[in-house]
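Take a look at the protein model shown here. Keep it in view while you read.

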Amino acid sequence: MTEINFTSRFVAITDKEFSQLAKKIGKQQSVNYPWTLKESVLAQDTYTKGVCDCTACLISDGEKSLLMHLCPTTSSNNHSQYAILEFLRSKINLNNENLQAVLIGSKKDKKSQNVYTNLQELLKRLNIPASELKIGKGSVNLAYRSDTDELYITNRQIEDSLKKGLNNRECLESGFEKISITDYDEI
């Protein structure tokens, strides 16, 4: 997939800014507990809260996005590449040249890494470029707006870094153990 004609931007925000953004997006567009494939949301704008040992995966074509928030302990389907693939096929056109993704979250334990790695491998197999914000330092909240093609991210470390006046990249780096950005995305 080399035909992507838009660039997603990752933006560090405060908890207060996130709350305001989530309110504008609306509860109907949020991914909530128990964080299985069933609760995923396909919409122009989406958000989720409380990504800890879970893995969030946002797949966008620049016009709409599919947000999954998969908990490693609530459903065996969250660990199944086959179940995830079938779910994706039912929701989006996997042949769309504009698809790109972001993987966010997980912890270092085996169950958490299994969900993350399965999603990572599946995206690679589908040739969907994916940026990664791996192993959040604390609970992560994120929101996506398609009109600006921006992914807004916050956690306690990001908020503390914003208060210190650090730049966007430094704030995001403070909130995760590993950040890997594709050529189609920017911080």
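## About the model

The structure is a predicted model: local features need pLDDT of at least 70, side-chain atom pairs count only at pLDDT 80 or more, and totals for chains, interfaces and linings use all residues. Residues are numbered from 1 along each chain as its sequence is written, and side-chain values use heavy atoms, with hydrogens and water left out.

## Helix H5

Helices (H or I, at least four residues) and strands (E, at least two) are DSSP runs, numbered from the N terminus. Helix H5 spans residues 168-175. Its buried residues are Cys-171, Leu-172, Ser-174 and Gly-175. Buried means under 20% relative accessible area, exposed over 50%, and partly exposed in between (1.4 Å probe, protein chains only). The four cover an arc of only 155° around the axis, so they sit on the same side of H5. The arc is taken from the directions from the helix axis to the C-beta atoms. An α-helix has 3.6 residues a turn, so residues three or four places apart point the same way.

What do the buried residues of H5 pack against? Their partners are strand E1 (8-12), strand E8 (130-136), strand E10 (150-154), helix H4 (156-163) and strand E11 (176-180). Contact here means heavy atoms within 4.5 Å.

## Nonpolar cores

A nonpolar core is a set of buried Ala, Val, Leu, Ile, Met, Phe, Trp, Tyr and Cys residues joined through side-chain atoms within 4.5 Å. The largest one has 24 residues. Ile-104, Val-140, Leu-142, Leu-151, Ile-153, Ile-158 and Phe-176 touch the most other members. Elements that each supply at least two residues include E1, strand E7 (100-105), E10 and H5. Strand E9 gives the largest share, 3 residues.

Look at Ile-153. Not counting residues up to four places away in sequence, Ile-153 touches several residues, among them Phe-10, Leu-133, Val-140, Leu-172 and Phe-176. There is also a second, separate core of 23 residues, including Ala-83, Leu-94, Tyr-116 and Leu-119.

## Salt bridges

Side chains of opposite charge can pair when their charged atoms come close. A salt bridge is a side-chain nitrogen of Lys or Arg within 4 Å of a carboxyl oxygen of Asp or Glu. How many does a search of the whole structure find? It finds 6.

In one, the closest N and O atoms of Glu-150 and Arg-9 are 3.0 Å apart. Glu-150 lies in strand E10 and Arg-9 in strand E1, so the pair ties together parts that are 141 residues apart in sequence. Glu-150 is buried at 15% relative accessibility. Arg-9 is partly exposed at 31%.

Glu-177 pairs with Lys-108, with closest N and O atoms 3.2 Å apart. Glu-177 is in strand E11, while Lys-108 is in the loop between E7 and helix H3 (110-125), so this bridge ties together parts 69 residues apart in sequence. Glu-177 is partly exposed at 47%, and Lys-108 is exposed at 62%.

## A buried loop residue

Asn-78 lies in the loop between strand E6 (65-70) and helix H2 (81-91). Is Asn-78 buried or exposed? Asn-78 is buried, with a relative accessible area of 0%. Not counting residues up to four places away in sequence, Asn-78 touches Trp-35, Thr-36, Leu-37, Leu-70, Cys-71, Ile-84 and Val-115.
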